[in-house]
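I set out to record what I looked up in this structure, entry by entry.

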Amino acid sequence: MRVIDRPMASCYGRVALRRHTVTGTPNGFPYPPAKDAALRSQAPSLSLVGLCAAVATVCACGPVEYINQVGNRAASAVSAAKLAQSDRYAPYEYTAAEAYLHKAREEAGHAEYEDAIEYGRKAEELANRARAITVDRLAKEPALTPAYQPKSQNEEPAAASPDPAPAAPGATTPGTE
């Protein structure tokens, strides 16, 4: 057997740090050959697979939670606030909710999912507050109550009902005499 690097005539550092290979062996197996080479070759690969699985799981949580928070809850809360006319009766809260929703989507575009989720939570909270303020104001002022109120935040508004039939000709209405 012949060692490639001579111990005293090498510029590669200390002998203990160099990896010696046996010439003439396939793939240059390490010298001296390990007794449990099969176990040593499997152990790093199993730990590497485990590490990759853990990293993939942690990295995948951000986009999934973002879709749930911003894409579903915050967007539907802002939409429900819009249907309740919060832009008219609670403009500060509604405008802030829209701005936070926009910022959440912008942060997700830069893969900053943690920040996007926080902005989505703020957008949902402000949209719910705006809707509550609007419902409260409309309940206090019956003249401002619209003809249609959605029963839930996900319900679409129905078509406007036609005006009542005009009065018969010759009939007088109170207060026009």
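**Entry 1: a pair in helix α3**

I looked up K103 and E106, which lie three residues apart in helix α3 and are therefore separated by about one helical turn. Helices here are DSSP runs of H or I with at least four residues, and they are numbered from the N terminus. K103 and E106 form a salt bridge, with their closest N and O atoms 3.6 Å apart. I took a salt bridge to be a side-chain nitrogen of Lys or Arg within 4 Å of a carboxyl oxygen of Asp or Glu. K103 counts as partly exposed at 27% relative accessibility, and E106 is partly exposed with a relative accessible area of 35%. I read buried as under 20% relative accessible area, exposed as over 50% and partly exposed as in between, with a 1.4 Å probe and protein chains only.

**Entry 2: basis of the notes**

I note that this is a predicted model, in which local features need pLDDT of at least 70 and side-chain atom pairs count only at pLDDT 80 or more, while totals for chains, interfaces and linings use all residues. Residues are numbered from 1 along each chain as its sequence is written, and side-chain values use heavy atoms, with hydrogens and water left out.

**Entry 3: salt bridges around R121**

I searched the whole structure and found eight salt bridges. One of them joins the side chains of R121 and E65 at 2.8 Å, N to O. R121 lies in helix α4 and E65 in helix α1, so this pair ties together parts that are 56 residues apart in sequence. The side chain of R121 also meets that of E118 in a salt bridge, at 2.8 Å from N to O. R121 and E118 are three residues apart in helix α4 and so are separated by about one helical turn. I record E65, E118 and R121 as linked in a network of salt bridges. R121 is partly exposed at 36% relative accessible area, E65 is partly exposed at 35%, and E118 is partly exposed at 40%.

**Entry 4: the nonpolar core**

Which residues touch the most other members of the largest nonpolar core? I found Y66, V70, V78, Y94, A97, L101 and A127, out of 19 residues in that core. The elements that give two or more residues to this core are α1 (37–83), α3 (91–109) and α4 (113–140). A nonpolar core is a set of buried Ala, Val, Leu, Ile, Met, Phe, Trp, Tyr and Cys residues joined through side-chain atoms within 4.5 Å.

I then looked up V70, leaving aside its neighbours within four places in sequence. V70 is in contact (heavy atoms within 4.5 Å) with A75, L101, A104, R105, A116 and G120.
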